[in-house]
Amino acid sequence: MRILTAKAESAGRTTIPVDAAHTSQTCPECGHVAKQNRRTQAEFTCQGCGYTDHADIVGAINVLRRGLASQPEPVKV
């Protein structure tokens, strides 16, 4: 994290540490969390609403949202 933070600062960016637990099992559309949402290493299909996407994309969306939600002021992305 220290190296990542230094690289980000040198590029004029900010790092926001977040708890990434269950981010690839949480639906970014409806919020349903289930191990079964992660059908394979790459495939995400929400058992609640049917939303599908690549599991890495789902995880990235959720990590970004958690990071932005943790900030008191809007963060430039």
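Modeller: In this predicted model, contact means heavy atoms within 4.5 Å.

Colleague: Which residues does Thr26 touch, not counting residues up to four places away in sequence?

Modeller: Thr26 sits in the loop between α1 and β1. With residues up to four places away in sequence left out, the residues that Thr26 touches are Gly31, His32, Val33, Phe44, Val58 and Asn62.

Colleague: Is Thr26 buried or exposed?

Modeller: The relative accessibility of Thr26 is 13%. Buried means under 20% relative accessible area. Thr26 therefore counts as buried.

Colleague: How far from a polar atom of the Thr26 side chain does the backbone oxygen of His22 lie?

Modeller: His22 is found in the loop between α1 (2-10) and β1 (43-45), and Thr26 is placed in the loop between α1 and β1. The backbone oxygen of His22 and a polar atom of the Thr26 side chain are separated by 2.7 Å.

Colleague: What is the phi of His22?

Modeller: Most residues other than glycine have a negative phi. His22 is not a glycine, yet its phi is positive. His22 is partly exposed, at 49% relative accessible area. Its phi is about 65°.

Colleague: Which side chains meet in a salt bridge, and at what N to O distance?

Modeller: One salt bridge is present in the structure. Arg39 has a relative accessible area of 51% and is exposed, whereas Glu43, at 35%, counts as partly exposed. The side chains that meet are those of Arg39 and Glu43, with an N to O distance of 3.3 Å.

Note on methods
Residues are numbered from 1 along each chain as its sequence is written. This is a predicted model: local features need pLDDT of at least 70, side-chain atom pairs count only at pLDDT 80 or more; totals for chains, interfaces and linings use all residues. Side-chain values use heavy atoms; hydrogens and water are left out. A salt bridge is a side-chain nitrogen of Lys or Arg within 4 Å of a carboxyl oxygen of Asp or Glu. Buried means under 20% relative accessible area, exposed over 50%, partly exposed in between (1.4 Å probe, protein chains only). Helices (H or I, at least four residues) and strands (E, at least two) are DSSP runs, numbered from the N terminus. A polar contact is a pair of N or O atoms within 3.5 Å; within protein, one must be able to donate a hydrogen and the other to accept it, and residues adjacent in sequence count only if both atoms are side-chain atoms.
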